[in-house]
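I opened this model to look up charged pairs, ring pairs and annotated positions. My notes follow.

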Amino acid sequence: MTFFNKERKLLLAIESSCDETSVAVIEDGAKILSNIVASQVKSHKRFGGVVPEVASRHHVEEITLCIEDALVEAGVEPSDLSGVGVTYGPGLVGALLIGISAAKAFAWAHDLPLIPVNHMAGHIYAAHFVKPLQFPLMALLVSGGHTELVYMKETGSFEIIGETRDDAAGEAYDKVGRVLGLTYPSGKEIDELAHLGQDTYHFPRAMIKEDNYDFSFSGLKSSFINTVHNAEQRDEELIVNDLAASFQASVIDVLVDKTIRACKEYPVKQLVMAGGVAANMGLRDRLGKEVTEKLPGVRFIVPPLRLCGDNAAMIGAAAFVEAEKGHFADYHLNAEPGLSFMTI
Ligand code: KG4
Ligand code: ZN
C-alpha cells in the first residue's frame, strides 16, 4: 500500500535548519525537478559563524520566494503534489520554525499531508540521488554540527554507533580557520591549502586506537591553536599550507580509520558519506581508496558537491521514505532543535 495516489509521485520539500533557505520538488523520491537554495553565508561571514537571529530573518524573507521558484522551475502546480516534507530538527529553533510554519501553511492551503523529516536523515538520503540505497548500510555523517557513524539496517531505521564527544569535524575546520584568519566557513579553503602542503606538524589522532566508534576533535583544535600561538610568541614563521595539511591529515586519519573498522564489523553493502564536510576532496579521495582496498563488496557513495551542503532535495528524498512508511505529522508539529535519530 502506498499513500501516493496521484498520477505522479511528487513532493514539495522545505529546509531551513541553519543558514540556507531551500525548497525542492522531488519525483519518486529520486529525481530532482527543482532545488532552490538561498544561501545566507555572506551575511554570517563577518560574524565568523551563523547568528541565529540573522538566520531567522533571512529565512522569513526568502521562504515564500523559494517555494514559488521551486514550483515554477519544476513546472508543477500545488494540485500535482502529494505531500510537503519539512525539516523539524536538529537545527536552530527560530530557523526551523520558519520552514515548519511555511510548510504547514502550504499544506493547509492545498490540503496536503505534512511529512516531518530529520535533517541528518536528509543528508544520508542525498546519496540516493547517486545510486539507490541498499541495506544494511553505514553512513559517515560529517557536518558543521555533527560527526557520527550511523548504521542503517533497513530504510528509515537509524542507529548511531559512534559520534563526536565534543566538536564536530566541520566546527573544528571553522575554528581552526578563524585562527588562520580565513573567512567563515573555512572548510573548503583549508582543504585547498592542505593540498599544497605536507603533514609536518604531526598533530594528535584522537581516540584512533580506542575500541569504539567515537570521535574527538577539540584536542586537535587546541593543539593547533597552541602551535600557532607558540610560534607567534617566538616570532617563528609558520608554513600555513603545512599547518592546513597537518590538521587535515589528522581529521582524515581518524575518520577513515574508524569508518573502515565499522564497515568491517557490520554487514554493510554500502558506505555513504554525507554532510558539508563530505565535500572535502582529501577525505573523498582517501576514503574512496581505502574502501576499494580494504572493503571488497562494499560500495562507496558520496553525493555530488552541490548535494553535500544543506539543501531541500535531500529532505524530499528522506520525506518520500517517511511517507511510504506512513509517518505524517499534524498541525502540532514543532521544531526539535536537539532531535536525534532515536526519536524518529
Ligand atoms: O552540512 P552543512 O552544510 O551544515 C550543517 O548542517 O552543519 O556543513 C557545513 C560545514 C562547515 O563547517 C564547513 O566548513 C564544512 O561543512 N565544509 C568543509 C568543506 N566544505 C564545507 N569542511 C571540510 N572540507 C570542505 N571542502
Ligand atoms: Zn546539514
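**Entry 1: the annotated site**

I started with a side-chain pair: Asp 310 and His 119 are joined by a polar contact of 3.1 Å. I note at once that the model is predicted.

I then checked the record. The unreviewed UniProt entry puts a "binding site" feature at His 119, His 123 and Asp 310. These positions are spread over 192 residues of sequence, yet they cluster in space, with a largest C-alpha distance of 8.7 Å. I also looked at the largest pocket. Its lining includes His 119, His 123 and Asp 310.

Next I took Asp 310 on its own. I found Asp 310 in the loop between β10 (299–301) and α10 (312–324). Is Asp 310 buried or exposed? Its relative accessible area is 17%, so I log Asp 310 as buried, the cut-off being under 20%. I listed its contacts, leaving aside neighbours within four places in sequence. Asp 310 touches Glu 15, Ser 17, Cys 18, Glu 20, Val 37, His 119 and His 123.

His 123 came next. I place His 123 in helix α4 (residues 119–125). His 123 is buried, with a relative accessible area of 1%. Not counting residues up to four places away in sequence, I see His 123 touching Leu 141, Ala 274, Gly 275, Gly 276, Cys 308, Gly 309, Asp 310 and Met 314.

I also looked up the domain annotation. The unreviewed UniProt entry gives "domain: Gcp-like" for residues 31–316. I checked the ends of residues 31–316: the end C-alpha atoms lie 10 Å apart. That span is 46% helix and 16% strand.

**Entry 2: salt bridges**

How many salt bridges does the count come to? I get 14 salt bridges. I went through some of them.

I looked at Arg 165 and Asp 214. They form a salt bridge, with the closest N and O atoms 3.0 Å apart. This pair links distant parts of the chain, 49 residues apart. Arg 165 sits in the loop between β8 (159–163) and α5 (169–179). Asp 214 sits in the loop between α6 (187–194) and α7 (218–233). Arg 165 counts as exposed at 54% relative accessibility, whereas Asp 214 counts as buried at 16%.

I then turned to Lys 175 and Asp 167. Their salt bridge has its closest N and O atoms 3.6 Å apart. Lys 175 is partly exposed, with a relative accessible area of 31%. Asp 167 is buried, with a relative accessible area of 7%.

My next pair was Arg 286 and Asp 253. Their side chains meet in a salt bridge at 3.0 Å, N to O. This pair also links distant parts of the chain: Arg 286 is in helix α9 (residues 281–294) and Asp 253 in helix α8 (residues 240–265), 33 residues apart. Arg 286 counts as partly exposed at 27% relative accessibility. Salt bridges join Asp 199, Arg 205, Asp 253, Arg 286, Glu 290 and Lys 294 into one network.

**Entry 3: aromatic rings**

I counted ring pairs next. The structure holds 11 aromatic pairs.

How are the rings of Tyr 201 and Phe 203 arranged, and what are the values? Their centres lie 6.2 Å apart and their planes meet at 10°, so I log the pair as stacked. Tyr 201 counts as partly exposed at 25% relative accessibility. Phe 203 is buried, with a relative accessible area of 4%.

I set Phe 224 and Phe 247 beside that pair. Their ring centres are 5.8 Å apart and their planes are at 80°, so this pair is edge-to-face. Phe 224 lies in helix α7 and Phe 247 in helix α8, so the pair ties together parts that are 23 residues apart in sequence. Phe 224 is buried at 0% relative accessible area. Phe 247 is buried at 0% relative accessible area.

Last, I looked for a cluster. I find Tyr 173, Tyr 201, Phe 203, Phe 224 and Phe 247 in one aromatic cluster.

Terms used
Residues are numbered from 1 along each chain as its sequence is written. Chains are lettered from A and ligands numbered from 1 in the order in which they are written. This is a predicted model: local features need pLDDT of at least 70, side-chain atom pairs count only at pLDDT 80 or more; totals for chains, interfaces and linings use all residues. Side-chain values use heavy atoms; hydrogens and water are left out. A salt bridge is a side-chain nitrogen of Lys or Arg within 4 Å of a carboxyl oxygen of Asp or Glu. Helices (H or I, at least four residues) and strands (E, at least two) are DSSP runs, numbered from the N terminus. Buried means under 20% relative accessible area, exposed over 50%, partly exposed in between (1.4 Å probe, protein chains only). Rings of Phe, Tyr and Trp (its six-membered ring) pair if their centres lie within 6.5 Å; planes under 30 degrees apart count as stacked, over 60 as edge-to-face and the rest as tilted. UniProt positions are given in the numbering used here, feature names are shortened, and annotations may be inferred rather than shown by experiment. On a 1 Å grid over the protein atoms alone, a cavity is a set of points where a 1.4 Å probe fits but cannot get out, and a pocket is an open set with protein on both sides within 12 Å along at least five of seven lines; lining residues have an atom within 4 Å of a point. Contact means heavy atoms within 4.5 Å. A polar contact is a pair of N or O atoms within 3.5 Å; within protein, one must be able to donate a hydrogen and the other to accept it, and residues adjacent in sequence count only if both atoms are side-chain atoms.
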